[in-house]
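Trainee: Could we go through this model together, with the cut-offs stated as we meet them?
Mentor: Gladly; here it is.

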Amino acid sequence: MPRKETKMVLDDIDYKIMRCLKRNAREKASAISDEISLSVSAVIERIRKLEAAGVITGYTAIFDQKQLGNDMTALMEVSLEHPRFYDSFCELISKIDSIVTCYYMTGDYDFMLRIVTDSSDSLELIHRRIKSMEGVSATETHFVLKGVKNEYSVIPANDKESK
């Protein structure tokens with residue numbers, strides 16, 4: 001039987017813990033405890049509750065793409081001829097490792113893709129592959145010159161200290 005989704009009621013302490021974990025997901029409970037003036041066991045228990053409720057959905061490592069040889073980032077807008085191509089397009093996109101983000105959206109284009117790759121040559125191959133997919137009617141590609149802000153999640157300002 002699927003788990004019933006209930007929205008967890010978060011308090012100021014939960015938000016403080018999440019901000020600590022956002023800054024460093026490997027932060028020790030003892031360091032969080034010191035920062036927010038809560039016992040280590042209470043911090044651990046709250047983190048477990050946030051995980052169990054699905055508020056914290058996972059932990060990940062973030063890599064410097066330039067050090068991995070991926071010097072090219074592009075944003076590609078994609079339009080489909082008809083909504084019937086949605087499922088097949090999403091399935092094909094999910095198989096291309098260099099496409100790290102795909103958003104279905106409103107506006108003139110149906111999708112926004114973020115592509116991270118090693119060169120303009122490999123970007124061209126990805127571009128050709130997408131343009132040749134059944135149902136793709138138009139694309140527009142933008143080269144990213146520099147990343148100014150790259151957040152992975154937003155934690156609402158809920159406590160007095162962050163307002």
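Trainee: Which residues does Thr 117 touch, not counting residues up to four places away in sequence?
Mentor: Before answering, note that this is a predicted model, in which local features need pLDDT of at least 70 and side-chain atom pairs count only at pLDDT 80 or more, while totals for chains, interfaces and linings use all residues. Residues are numbered from 1 along each chain as its sequence is written, and side-chain values use heavy atoms, with hydrogens and water left out. Contact means heavy atoms within 4.5 Å, and by that criterion, leaving out residues up to four places away in sequence, Thr 117 touches Asn 70, Asp 71, Met 72, Ser 98, Ser 122, Leu 123 and Ile 126.

Trainee: Is Thr 117 buried or exposed?
Mentor: Thr 117 belongs to strand β3, residues 111–117, where helices (H or I, at least four residues) and strands (E, at least two) are DSSP runs numbered from the N terminus. Buried means under 20% relative accessible area, exposed over 50% and partly exposed in between, with a 1.4 Å probe and protein chains only. Because its relative accessible area is 5%, Thr 117 is buried.

Trainee: Which side chain is joined to that of Thr 117 by a polar contact of 3.4 Å?
Mentor: A polar contact is a pair of N or O atoms within 3.5 Å; within protein, one must be able to donate a hydrogen and the other to accept it, and residues adjacent in sequence count only if both atoms are side-chain atoms. At 3.4 Å, the side chain joined to that of Thr 117 is that of Asp 118.

Trainee: At what angle do α1 and α2 pack?
Mentor: Two packed helices are described by the angle between their axes and the distance between the axes. Axes are lines fitted to C-alpha atoms, for helices over the stretch in contact, and angles run from 0 to 180 degrees between N-to-C directions. For helix α1 (residues 12–23) and helix α2 (residues 29–36), the axes are 10 Å apart and the angle is about 130°.

Trainee: Which term describes α1 relative to α2?
Mentor: Angles under 35 degrees count as roughly parallel, over 145 as roughly antiparallel, 65 to 115 as roughly perpendicular and the rest as oblique. With an angle of about 130°, α1 is therefore, relative to α2, oblique.

Trainee: How are α1 and α3 oriented to each other?
Mentor: Helix α3 covers residues 40–52, and its axis lies 11 Å from that of α1, at an angle of about 85°. The contact pairs Ile 13, Asp 14, Ile 17, Met 18 and Leu 21 in α1 with Val 43, Arg 46, Ile 47 and Leu 50 in α3. Given the angle of about 85°, α1 and α3 are therefore roughly perpendicular.

Trainee: What is the relative accessibility of Ser 37?
Mentor: Ser 37 lies in the loop between α2 and α3, and its phi is near 60°, a positive value in a residue other than glycine. Ser 37 counts as exposed, because its relative accessibility is 67%.

Trainee: How far apart in space are Gly 147 and Cys 90, C-alpha to C-alpha?
Mentor: Gly 147 is in the segment after β4 (136–143), and it is exposed, with a relative accessible area of 64%. Gly 147 and Cys 90 are 57 residues apart in sequence, and their C-alpha to C-alpha separation in space is 26 Å.
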